[in-house]
Amino acid sequence: MFIAITGLHASGKSYFIHNIPEVYGFEVYDKKDIVKKLCRKETERNDYWEWYKEEYNKNPYDTTYKILSELPFDKNIILDAVHSYKEWKIIKSINKEAIIVLVTTPEMIRATRWEEGDKEKDKIRIEYWHSDYEGESGCLLTEVSWSFNGAASLETNIASFEELIHCYGLNNNRKKQKILTSR
């Protein structure tokens with residue numbers, strides 16, 4: 001199973017993926033780490049994010065394909081993070097079984113977690129959520145298959161994750177108690 005994660009800054013994406021899916025045997029891959037690796041492999045540049053934006057703007061399909069080529073699709077994996085409608089549509093064209101989940105948290109809680117500049121970065125992220133793909137305007141949030149609340153209890157999100165994997169036909173013998181004791 002391939003799950004991509006999206007959400008605003010300080011919504012709890014990292015906390016969620018490292019405290020629930022990993023315990024269920026999912027491997028977590030950070031897109032930034034993959035981009036850094038590709039940038040080092042293809043250039044001598046240190047500004048990996050600028051390199052990624054340039055490459056993506058030149059050819060979004062090829063750039064996304066390179067990133068996905070670094071993932072082991074024979075395993076259950078999480079990709080942190082996908083933030084544009086166009087990127088998601090490209091991912092779906094490459095891996096039809098992929099699903100995207102949203103981690104959301106009320107702004108009043110996110111504000112207590114924000115690092116400097118996160119609120120401004122969220123404005124840009126929301127713009128990325130709305131983009132064109134092959135002449136079609138869309139919104140990434142309309143593609144979300146499941147959501148988790150970064151302000152909800154760990155127990156609530158465990159139950160929701162178990163429902164997600166059950167819904168998609170994954171059998172897993174891990175128990176809630178094991179996760180709760182691994183904190």
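Tutor: Let's settle our terms: a residue is buried at under 20% relative accessible area, exposed at over 50%, and partly exposed in between (1.4 Å probe, protein chains only). We are looking at a predicted model, where local features need pLDDT of at least 70, side-chain atom pairs count only at pLDDT 80 or more, and totals for chains, interfaces and linings use all residues. Residues are numbered from 1 along each chain as its sequence is written, and side-chain values use heavy atoms, leaving out hydrogens and water. Helices (H or I, at least four residues) and strands (E, at least two) are DSSP runs, numbered from the N terminus.

Student: Does Asp122 count as buried or exposed?

Tutor: Start with its place, helix H7 (residues 118-129). Leaving aside neighbours within four places in sequence, Asp122 is in contact (heavy atoms within 4.5 Å) with Leu8, His9, Arg110 and Trp114. Because its relative accessibility is 5%, Asp122 counts as buried.

Student: How wide an arc do the buried residues of H3 cover around the axis?

Tutor: In helix H3 (residues 48-58), the buried residues are Trp51, Tyr52, Glu55 and Tyr56. We take the arc of the directions from the helix axis to the C-beta atoms. They lie on the same side of H3, because they cover an arc of only 130°.

Student: Which helices are among those that cover the buried residues of H3?

Tutor: First look at the other side of H3, where Asn57 and Lys58 are exposed. The cover over the buried residues includes helix H2 (31-42), helix H4 (60-69) and helix H5 (85-94).

Student: In what order do the five strands of the open sheet stand?

Tutor: Two strands pair if DSSP finds at least two bridges between them; strand S1 (residues 2-6) and strand S3 (residues 77-80), for instance, run parallel and are joined by four bridges. With parallel pairing, the order of the open sheet is S2-S3-S1-S4-S7.

Student: And how many degrees does the twist average from one strand to the next?

Tutor: At the edges of the sheet are strand S2 (27-30) and strand S7 (146-149), each pairing on one side only. Axes are lines fitted to C-alpha atoms, for helices over the stretch in contact, with angles from 0 to 180 degrees between N-to-C directions. From one strand to the next, the twist averages 25°.

Student: How many residues does the largest nonpolar core have?

Tutor: Such a core is a set of buried Ala, Val, Leu, Ile, Met, Phe, Trp, Tyr and Cys residues joined through side-chain atoms within 4.5 Å. Phe2, Leu71, Leu79, Val82, Trp88 and Ile91 have the most contacts inside the largest one, whose residues number 25.

Student: What is the angle between the planes of Phe148 and Phe161?

Tutor: Rings of Phe, Tyr and Trp (its six-membered ring) pair if their centres lie within 6.5 Å; planes under 30 degrees apart count as stacked, over 60 as edge-to-face and the rest as tilted. Ring pairs link Phe16, Tyr24, Phe26, Phe148 and Phe161 into a cluster. Phe148 is buried at 3% relative accessible area, and so is Phe161 at 0%. Their pair is tilted, 6.2 Å centre to centre, and the angle between the planes is 40°.

Student: Which residue takes a positive phi in the hairpin of S5 and S6?

Tutor: Strands S5 (residues 130-133) and S6 (residues 136-139) run antiparallel, joined by four bridges, and His130 stands opposite Cys139. Two residues lie between the strands, and the one with a positive phi near 50° is Glu134.
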